[in-house]
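Here are my notes for anyone opening this one up for the first time.

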Amino acid sequence: MKQFPIVRAEGSHYEVGVAVGKTMRQPIRNLLDREKAKFGDTFVHYVDMLPPFIDVTKRYFPQYMDEVRGIADGAGVDFQTLFFTNCREVVDYSGSTSTADHCTIVAIPQGNQYIVGHNEDWDAESLEILYIFDAVTDGVHIIGLNYGDSVMGDSVSVTSHGLIQAINDLQHHDTQLGVPKKFIARAILDCKTLEDAEEIMKTVPRAAGFNHVLVQGQRLWNIESSAKEYIIEKIELNKYVHTNHYVTELKRIDKGNQESEKRYAKVEERLGDINSVGDIKQLLSDRTDPRICREGTIGSVILDMPNKVAHMAYGQPTPETYVEYSLKHVLS
């Protein structure tokens with residue numbers, strides 16, 4: 001059974017980045033070649049737009065810029081070119097558009113904690129660049145699914161503070177010069193509390209916004225954001241689902257995503273029957289229309305906090321393809 005590669009490391013942000021870059025060197029180079037081919041002559045134009053984003057990110061999060069520099073050095077690629085893949089906003093900032101048919105998140109309470117399931121959806125070629133990050137830096141241990149070219153945080157992870165973050169992409173109409181959303185997600189992984197995460201949303205200027213489903217203990221916070229706004233839904237020990245559209249009052253800035261709304265409605269209708277890890281495996285493997293396991297599903301993760309176990313499936317999941325990984329070394 002095929003499994004994701006694992007990067008285990010401990011050290012400075014730069015040292016951890018180097019470990020990622022060395023392990024994921026060829027997939028990173030393949031990705032950059034695809035990006036250059038996809039954008040053609042405009043690729044250089046987008047890279048030329050990066051310095052203001054680099055400057056503002058360095059001002060707020062120099063430590064995460066060290067991670068990107070480490071990944072670039074480990075993979076033997078140019079730093080600014082790699083920063084492009086960590087700053088997807090530069091494409092939208094210049095007036096281009098993209099779709100957001102990515103990822104399904106479901107959370108169910110069990111005891112005084114949660115079980116969180118996440119399907120990672122992107123393009124099929126990106127499967128080769130996914131890996132399991134299992135590393136310690138600045139005293140925070142993080143384990144989760146991640147893209148080799150990226151700072152940690154834009155898929156699904158859990159930290160030694162018992163904080164889970166699962167990300168949904170959103171498409172909205174407001175963008176601005178600011179810190180790219182991948183770095184906002186990375187910063188949240190270093191937070192000790194949900195309140196610390198809100199402080200980041202309050203104080204750091206964002207270039208665009210993700211949907212962050214955050215879970216810690218019996219609390220679940222759904223943070224929907226854009227470049228200029230954010231709203232937090234605060235939930236305690238209730239079931240929850242999120243896909244790729246706004247469900248709060250920020251729906252007024254949503255570019256619209258009918259596929260996501262159909263997927264959301266299907267999962268919400270089934271939530272009453274989802275009560276265990278096994279049920280979540282069945283749900284995330286569902287290939288009936290509207291599909292939960294989609295053509296673009298390249299990985300699936302279930303974080304079982306009561307039992308301190310992660311279940312991860314490589315590529316499109318079936319209930320039988322999940323592999324167990326202990327979380328005890330992270331949550332001790």
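**Notes on the fold and its details**

1. Let's begin with the rings: there are nine aromatic pairs in the structure, where rings of Phe, Tyr and Trp (its six-membered ring) pair if their centres lie within 6.5 Å. One aromatic cluster is made up of Phe39, Phe43, Tyr46 and Phe84. Another ring, that of Phe79, has the charged end of Arg69 sitting over it, 4.1 Å from the ring centre; this label needs NZ of Lys or CZ of Arg within 6 Å of the ring centre and within 35 degrees of the ring normal.

2. A word on what you're looking at: this is a predicted model, in which local features need pLDDT of at least 70, side-chain atom pairs count only at pLDDT 80 or more, and totals for chains, interfaces and linings use all residues. Residues are numbered from 1 along each chain as its sequence is written, and side-chain values use heavy atoms, with hydrogens and water left out.

3. Now an open sheet of eight strands, ordered S1-S4-S5-S6-S7-S8-S9-S10 with mixed pairing. Strands (E, at least two residues) and helices (H or I, at least four) are DSSP runs numbered from the N terminus, and two strands pair if DSSP finds at least two bridges between them. S1 (6–10) and S10 (230–236) are at the edges with a single partner strand each, so one side of each has no neighbour in the sheet. From one strand to the next, the twist averages 15°.

4. Inside that sheet, S7 (residues 163–168) and S8 (residues 211–216) pair in the antiparallel sense over six bridges. Ala166 stands opposite Val213 in S8. Helix H9 (residues 194–203) lies across S7, S8, S9 (219–225) and S10, and runs at about 10° to S9. Angles here go from 0 to 180 degrees between N-to-C directions, with axes fitted to C-alpha atoms, for helices over the stretch in contact.

5. Which strands make up the open sheet of six? The order is S11-S2-S3-S12-S13-S14, and the pairing is antiparallel. S11 (240–242) and S14 (323–326) are the edge strands, each pairing on one side only. Look at S13 (residues 309–314) too: S13 pairs with S14 in the antiparallel sense over four bridges, and Met312 has Val323 in S14 as its bridge partner.

6. Helices pack here as well. H10 (residues 258–270) touches S2 (104–110) and S11, making about 165° with the direction of S11; contact means heavy atoms within 4.5 Å. H11 (residues 277–284) lies across S2, S3 (113–121), S12 (297–304) and S13, at about 165° to S12.

7. How do H4 (residues 51–60) and H5 (residues 62–75) meet? Their axes come within 5 Å and cross at roughly 120°. H4 and H5 are therefore oblique to each other (under 35 degrees is roughly parallel, over 145 roughly antiparallel, 65 to 115 roughly perpendicular, the rest oblique). Ile54, Thr57, Lys58, Arg59 and Tyr60 in H4 meet Pro62, Gln63 and Met65 in H5.

8. Last, two backbone spots worth a click. Most residues other than glycine have a negative phi, and most peptide bonds are trans. Asp138, which is not a glycine, has a positive phi of about 55°; Asp138 is in the loop between S4 (130–137) and S5 (140–147). The peptide bond from Asp289 to Pro290 is cis, with omega near -10°, and Pro290 is in the loop between H11 and S12.

Conventions: Phe/Tyr/Trp six-rings, centres within 6.5 Å; stacked < 30°, edge-to-face > 60°.
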